[in-house]
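These are my notebook entries on one protein chain. I set down what I looked up, entry by entry.

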Amino acid sequence: MSRSAANTDDRRSEGTAGTVGGRRGSWAGYGAALWSLSFAGLSFHWAAGGLLGQGTLGPAVEGPALAREPAFVALLWTTAVLKLIAAPLGLALATGRPRRTPRWMLLLAGWGAAVLLFLYGVANLAQHLLIVTGVVDLPAGLGAALPWHLFLWDPVWLSGGALFTIAAISFTRSSREPRKTK
């Protein structure tokens with residue numbers, strides 16, 4: 001067997017069953033990247049004046065979006081860019097690359113995204129459940145969009161938080177493992 005074939009075989013055997021790229025949970029980083037790209041695409045669509053799905057957001061969001069209020073449009077562009085930036089973070093958590101980025105930075109960014117997304121999703125879900133149970137009054141800014149938030153948007157935010165959390169856990173564990181030498 002040639003030396004290059006042996007090196008390739010060694011690299012293939014580094015992973016274990018049930019892993020992607022040799023690390024359990026790295027699939028979540030790819031999922032987080034896809035979640036970020038999809039959600040960024042929708043935000044770019046809204047920022048550019050698209051109407052797809054705007055009826056699911058409620059009057060407080062729908063009104064300024066339809067009126068194309070400059071501050072609200074700027075907010076849409078900003079959130080779209082932030083979601084787009086999260087995609088390479090998901091990939092970095094999945095692959096451990098780029099290697100020139102310090103691991104602590106990837107850990108900080110990964111855990112930061114995980115916590116922010118998860119807390120936002122949980123806070124929204126809690127508020128919407130309190131509205132449904134009658135503990136809190138339905139705000140006028142939410143209106144008839146409550147079911148959309150409860151059954152679509154809250155799970156979307158929670159799934160992003162879950163994907164980044166699993167990816168951050170996987171990356172954290174992989175950063176503790178000793179590196180294999182050849």
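Entry on contacts. I worked from a predicted model. I looked up the contacts in the protein chain with a separation of 6 or more, and residues 24 or more positions apart account for 73% of them.

Entry on secondary structure. I noted 6 helices and 0 strands for the protein chain. Read from the N terminus on, the elements run α-α-α-α-α-α.

Entry on burial. I found that 35% of the 182 residues of the protein chain count as buried.

Entry on α2 and α4. I described this pair by an angle and a distance, because two packed helices are described by the angle between their axes and the distance between the axes. Helix α2 covers residues 26–47 and helix α4 covers residues 70–95; I recorded a packing angle of about 165°, with the axes 7 Å apart. Angles over 145 degrees count as roughly antiparallel, so α2 is roughly antiparallel to α4. I then looked up the handedness, and α2 passes α4 in a left-handed crossing. I sorted the residues of the contact of α2 with α4 into 19 nonpolar, 7 polar and 1 charged.

Entry on α5. I took helix α5 as residues 103–132, which is 30 residues. From its first C-alpha to its last, α5 reaches 43 Å, close to the 44 Å expected at 1.5 Å a residue. I listed the buried residues of α5 as L106, G110, A113, A114, L117, G121, N124, H128 and I131. I also checked the position just after α5, where G134 takes a positive phi of about 85°.

Methods: Residues numbered from 1 in each chain as written. Predicted model: local features only at pLDDT ≥ 70, side-chain atom pairs only at ≥ 80, totals over all residues. Heavy atoms only, no water. Helix = DSSP H or I, 4+ residues; strand = E, 2+ residues; numbered from the N terminus. Expected span 1.5 Å × (residues − 1). Buried < 20%, exposed > 50% of the residue type's maximum accessible area, 1.4 Å probe, protein only. Axes fitted to C-alpha atoms, helices over the stretch in contact; angles between N-to-C directions. Parallel < 35°, antiparallel > 145°, perpendicular 65-115°, else oblique. Left-handed = near helix turned anticlockwise from the far one by under 90°. Nonpolar A, V, L, I, M, F, W, Y, C, P; charged D, E, K, R; others polar. Contact = heavy atoms within 4.5 Å.
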